[in-house]
Amino acid sequence: MSTPIESVMHLLQFTDSTFPVGTFSFSNGLETAAYAGIVTDAATLREFTESQARQAAFTDGVAAIHSHRNFLAGNYEGIAEADRMLLRYKMNAEARLMLQRMGKKLAELAAKLFNSPLIARWLQGINDSEVPGTYPVGQGITYAAAGVSEMDMFCAHQYGVINMVLSAALRIVRVSHYDTQKILFDLASQTAGYYEEAAKMELRDMNAFFPQLDIIASLHEKGNMRMFMN
């Protein structure tokens, strides 16, 4: 088990932009939103990012919480159930691709970092196509293995979603670092409420009704701008 200081160090490592899971390759739909004139400045970027954070909290975040709990309980079937169910809530192909591609990278890396039979079994399940290997589930079990608390893991997950969008925005929207940092700072105030709600939810309670985001993602599949994978 990690000491409190080691857990903080692991938390910082896993949320660093250089952590090699491929987050830089995705924009969470922002590329198409910018191309279509939906996101054009700091104000519209904030609205878009807030929507992404809320959707992620009550789908990906719930799955990550249940995976974290099941890892600590040594329950592989619970991890696999969260993994399979989360993918059913992703309506567009690019969202599924993003979660699975990043999830497999995280699984491979976690297997190198931890001597954990559960992580090794999950990676084998991904390779055998028995489980989809979604990134939030990988976060849940990896952070649990590192001794990071459930709440801190959820915060790291939300930070990652927000930061993915804002990092992409610096390349495709007319905003500055000051703008993106202010958005990140402001949206942090919502995380506690999201966690309190998500922590009480069962997997069947996950909800992802943000049709605009799914429409944007579907347009990107045949769009003209392809700096990002989604």
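Rings of Phe, Tyr and Trp (its six-membered ring) count as a pair if their centres lie within 6.5 Å; planes under 30 degrees apart are stacked, over 60 edge-to-face, and the rest tilted. With that rule, a search of the whole structure turns up four aromatic pairs. Two of them are set out here.

| Aromatic pair | Centre to centre | Between the planes | Arrangement |
|---|---|---|---|
| Phe58 and Tyr194 | 5.5 Å | 80° | edge-to-face |
| Phe154 and Tyr195 | 5.5 Å | 55° | tilted |

The model you are looking at is predicted: local features need pLDDT of at least 70, side-chain atom pairs count only at pLDDT 80 or more, and totals for chains, interfaces and linings use all residues. Residues are numbered from 1 along each chain as its sequence is written, and side-chain values use heavy atoms, leaving out hydrogens and water.

Where do Phe58 and Tyr194 sit in the chain? Phe58 is in the loop between helix H3 (42-57) and helix H4 (60-72), while Tyr194 is in helix H11 (residues 191-198), 136 residues apart. Helices here are DSSP runs of H or I with at least four residues, numbered from the N terminus. Phe154, in helix H9 (residues 150-172), and Tyr195, in helix H11, are 41 residues apart.

Phe58 and Tyr194 are buried, and Phe154 and Tyr195 are both buried; buried means under 20% relative accessible area, exposed over 50%, and partly exposed in between (1.4 Å probe, protein chains only). Elsewhere, Phe14, Phe19 and Tyr143 make up one aromatic cluster.

Now to helix H1 (residues 4-15), which holds Val8. Val8 counts as partly exposed because its relative accessibility is 47%.

Terms used. Helix = DSSP H or I, 4+ residues; strand = E, 2+ residues; numbered from the N terminus.
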